[in-house]
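Trainee: Could you take me through one part of this model closely, namely the way its helices pack against each other?

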Amino acid sequence: MPRVPGLMRLFAAGTAMAVALPLKGGELELGRGSPALGEAQDPRMSRRHARIHFDGRRFWVTDLGSQNGTCVDGEPVPANTPREVQRVIRMGDSLFVPSADVHPLELRGVVTREGFIRGPALQALLDEVSRAARLGFPLHIHGESGTGKEGVARAFHENGPRGSGPFVAVNCAAIPQSIAERLLFGAKRGAYSGADADAPGYLQTADGGTIFLDEVVELDLAVQAKLLRALETKEVLSLGAAKPKLVDIHICSASNRDLRALVAAGKLREDLYFRIGRPEVTLPPLRQRPEEIALLLHREVRQVAPQLTLHLSFVEACLMRPWPGNVRELLVEARSAIQAALMQEAPRVEARHLSPSAGTAFGAAASAPPPSPPPEHREPPREAPSRAKALDTDERTRIEEALRQNGGNVAATARALGMHRTQLRRLLERHAIAAPADTEQE
């Protein structure tokens, strides 16, 4: 089905929402009383506030001489002057985010199920996860830290044939290598000094249910070999045991790294990869799911301090930031902002309550706009090549993958990564990352 460009209306007059506004014919004029806005009208919008235009690649906003003005990416724009949009549009007390395809949001909306807020991308992924679970397949979840991999693993468990059994989540990265075998496979009494009783391992505990191995690639190669045998034979041999024990388990694994690359690097056994690495689903990062952000913030405020309200500036600041720690980081920083508002006896959570470093790239001077009124935008400072630090392997992979997903388009890739396009261009030049020449133009 062809894509439907449009806007996502995420906040209006103090209310969090996620509503699709398609651009019919590539253009949409908005203002107080516009039929497209439905019943949730914004009294601070003018009757003819702004016009949004999509030229096939980029979104442009033109303020139509509105009384309260229009801000694009945190900057006020002069009337009757088209301005390109990277991330967020503010009109009156409403916030909009452009999207190359709002049809999924039109079709599915954003729903709350079992305590989780799920946008259209996450709903589609969970449909795929449910199919794999019902067919009895294993599942590997690829996604950045904090995207909600354990929540997806629980959905996999609940929709599978062993959904009524136990769900055992294991953070393999937190297990010391010296005791990984004992914790996974268990130990018999007398197997080692201090073993005064039989101790079942995680695999035995998950019998009849699902075991979720988060960051399974962190396991030692020898432990990986024993894990593979247990999965293939459905037998677990505890330390000090003479006979293995039969187990019936559904396996789900996860990692924030590419499994095939780890096999090539000798850090993951090839035979284990073929046992657990397919089918694989990729959990999109929060910066690709902006329709969830305002609703996540609203839920957090209601749970922590229902007497407070969300201010436009706070939601706008959160929409402007890339959140490398994803949902986990957003919620932690939201709680900190709520606590700051409570300490100051403020009636609402504002952008000034948000830490300047919250939601920005680690180790970088990320540019997120402070509270309204925003200052003039400043591009990231140019760093001398001789002093530039080597790019982290995972970060380089993330940039290259984003370039591939966006066809090499630098502006679109920068939006996906949550940075300014000039900053991305400098990263590409500094670290010799190639972008296809035919799609480099803005």
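Mentor: Helix 9 passes helix 10 in a right-handed crossing, a crossing being right-handed if the near helix is turned clockwise from the far one by less than a right angle, and left-handed if anticlockwise. The model is predicted, so local features need pLDDT of at least 70 and side-chain atom pairs count only at pLDDT 80 or more, while totals for chains, interfaces and linings use all residues. Residues are numbered from 1 along each chain as its sequence is written, and side-chain values use heavy atoms, with hydrogens and water left out.

Helix 9 (residues 293–304) and helix 10 (residues 312–320) pack at an angle of about 130°, with their axes 10 Å apart, which makes helix 9 oblique to helix 10. Angles under 35 degrees count as roughly parallel, over 145 as roughly antiparallel, 65 to 115 as roughly perpendicular and the rest as oblique. In contact (heavy atoms within 4.5 Å), Ile293, Ala294 and Leu297 of helix 9 meet Phe314, Val315, Cys318 and Leu319 of helix 10; by class, these residues divide into 7 nonpolar, no polar and no charged.

Another pair is formed by helix 4 (residues 177–185) and helix 6 (residues 221–233), which pack at an angle of about 15° with their axes 10 Å apart, and helix 4 is therefore roughly parallel to helix 6. The crossing of helix 4 and helix 6 is right-handed. Here Ala180, Glu181, Leu184 and Phe185 from helix 4 meet Val223, Lys226, Leu227 and Ala230 from helix 6, and this contact has 6 nonpolar, no polar and 2 charged residues.

Technical notes. Axes fitted to C-alpha atoms, helices over the stretch in contact; angles between N-to-C directions. Helix = DSSP H or I, 4+ residues; strand = E, 2+ residues; numbered from the N terminus. Nonpolar A, V, L, I, M, F, W, Y, C, P; charged D, E, K, R; others polar.
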